[in-house]
Amino acid sequence: MSLTAAWNHLLVTYSTQKIQFYSAALIQTICFWGLSAIYISLPYLAPEFSARHKLQKEEKQPTKQELWECFKVAARNTAFIWLLQAAHLYRSYKRGIPSPFRFEAEFPSAAELICHICIATIIRDIMFYYAHRLLHTKTLYPIFHKKHHRFTAPVAIAAQYTTFTEHLVANAIPIILPCAIMRSHIITWMLFLAKELVSTATTHSGYDFMNGWARFHDLHHENFNVAFGTVGLMDWIHQTDGKVLQQKKREQEKSQ
């Protein structure tokens, strides 16, 4: 069966709400939880390889007890988002409210796919940057964001080690809203979601993989006042990209 035929079979067999819910849950399970499990298991399965690619020193790494606590909070937040999504989709189904995403039999063109994902990436960076900066204000930081900064040497699942409020406002909404605003094809949103979850797990992994994606966010967990965004655009505009700190850190790594 071709991909087009399989997709059309899903469309005629299941409601759009079921397709959206189960596809999002499956993507999160694979791209966030699966990838996070690989990153976290590296020190035990390949200790020399792990040590060679770790960005921060061994003494800063979380203990097994801290990892277990992190897992419980991250799992709770995943369940929280799934319940919210299920409730929203059920309400939409009962009231006949159409999905903001397009469920069309024909796949989006390559041009549309690339264009929408690029625009969504920029919108997400804007939304996350300002939400993140807001969470770092003196009033909101101790209430909503301090929990996330417990890990100065973050691990992959620490991306979701947050309060409910932060997870919804800073993590979930900036990933859902961009494609919803553009009325993207649901396939486009699925791919965007997968990309962002892989990025999130990798930037919190503490490893120098994928062209050093984690270096930028590691800088934020070490210094708190730089690297607020996701792709660096808003940090470049607001001059919070921490270029001086990044240069110093690279020089320190070379001297070791």
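Modeller: Helices are DSSP runs of H or I with at least four residues, strands are E runs of at least two, and both are numbered from the N terminus. His185 sits in the loop between α7 and α8. The model is predicted: local features need pLDDT of at least 70, side-chain atom pairs count only at pLDDT 80 or more, and totals for chains, interfaces and linings use all residues. Residues are numbered from 1 along each chain as its sequence is written, and side-chain values use heavy atoms, with hydrogens and water left out.

Is His185 buried or exposed? His185 is buried, because its relative accessible area is 0%. Buried means under 20% relative accessible area, exposed means over 50%, and partly exposed lies in between (1.4 Å probe, protein chains only).

Now the polar partners. A polar contact is a pair of N or O atoms within 3.5 Å; within protein, one must be able to donate a hydrogen and the other to accept it, and residues adjacent in sequence count only if both atoms are side-chain atoms. A polar atom of the His185 side chain lies 3.1 Å from the backbone oxygen of Glu104. The backbone oxygen of Glu106 is also 3.1 Å from a polar atom of that side chain.

Then the wider shell. Contact means heavy atoms within 4.5 Å. Leaving out residues up to four places away in sequence, His185 touches Trp7, Arg102, Glu104, Glu106, Phe107, Pro108 and Glu112.
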